[in-house]
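This report takes a brisk walk through one protein chain. It looks at a set of paired strands, then at a single side chain, then at the chain as a whole.

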Amino acid sequence: DSSAISIDASASIIFNGTLSLGLNQQYSPSGNGHFSINTWFKCSSYDATYGIISWGNGQVQLIMDTYTIKVVAGGSTIQTDAILIDSNWTNVQVAYNGNNIYIWINGVFQTFGSATPNVVNKEVYVGSIWNGTSQSNYLTGVMKTMMLYNESLDGDDALWTYTNLLPLIDP
């Protein structure tokens, strides 16, 4: 379906809930090393469950789950209490330092938890949950950026990204 994923005039990726964007494994952080995710997205409705990004045969999944954010990594689930607001741009940063997953929403620290993902160098799926054998929970909404890092970013990085990119994301 050629309309399942499109790019609008503002260079946003628009997902219609039927497909995801698959990236070659060379873009996937691997092993038990440090990584970070930083993304801006806006869902059509936050009263649902959508995959934002996943990789490593399902070892790392960033999920928007009924108005909250959760990360599933190596069998552990770390979920925020923050409530996302319909039709607002949301900035999420996730960092893994080799022991813990940390989550920030809109530049504000939310929670952390222990995790030990054993990430094999596999494809990255943007806009769905990948469990290692199949995809589900396709994103319905718009994504402005998706950045993956092979390092663990911190709260200063989360606040800088939110503060400095918000005027560009939502002018």
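N100 has S114 as its bridge partner in strand β11. The model is predicted. Strand β11 covers residues 108-114. It runs antiparallel to β10, and six bridges join the two. Two residues lie between β10 and β11, which form a hairpin. In that turn, N106 has a positive phi of about 50°.

On its other pairing, β10 meets strand β9, residues 90-96. This pairing is also antiparallel, over five bridges. Here Q93 has W104 of β10 as its bridge partner. β9 and β10 form a hairpin too, with three residues between the strands. G98 in this hairpin takes a positive phi near 100°.

| Pairing | Sense | Bridges | Residues between strands | Positive phi |
|---|---|---|---|---|
| β9 and β10 | antiparallel | five bridges | three residues | G98, near 100° |
| β10 and β11 | antiparallel | six bridges | two residues | N106, about 50° |

Why is β10 described as largely enclosed by the rest of the structure? Strand β10 spans residues 100-105, and five of its six residues are buried, so the strand is largely enclosed. Buried here means under 20% relative accessible area.

Now to a single side chain. S54 sits in strand β5, which covers residues 49-55. Is S54 buried or exposed? Its relative accessible area is 0%, so S54 counts as buried.

What does the side chain of S54 reach at 3.3 Å? It reaches the backbone oxygen of S128. A polar atom of the S54 side chain also lies 2.9 Å from the backbone nitrogen of W130.

Finally, the whole chain. Its secondary structure comes to one helix and 15 strands. The chain has 171 residues, and 44% of them count as buried. S54 is one of the buried residues.

The accessible surface comes to about 7800 Å². Carbon and sulfur atoms account for 49% of that surface.

Key:
Residues are numbered from 1 along each chain as its sequence is written. This is a predicted model: local features need pLDDT of at least 70, side-chain atom pairs count only at pLDDT 80 or more; totals for chains, interfaces and linings use all residues. Side-chain values use heavy atoms; hydrogens and water are left out. Helices (H or I, at least four residues) and strands (E, at least two) are DSSP runs, numbered from the N terminus. Buried means under 20% relative accessible area, exposed over 50%, partly exposed in between (1.4 Å probe, protein chains only). A polar contact is a pair of N or O atoms within 3.5 Å; within protein, one must be able to donate a hydrogen and the other to accept it, and residues adjacent in sequence count only if both atoms are side-chain atoms. Two strands pair if DSSP finds at least two bridges between them. Accessible areas come from the Shrake-Rupley method with a 1.4 Å probe; for residues, only the protein chains shown count as cover.
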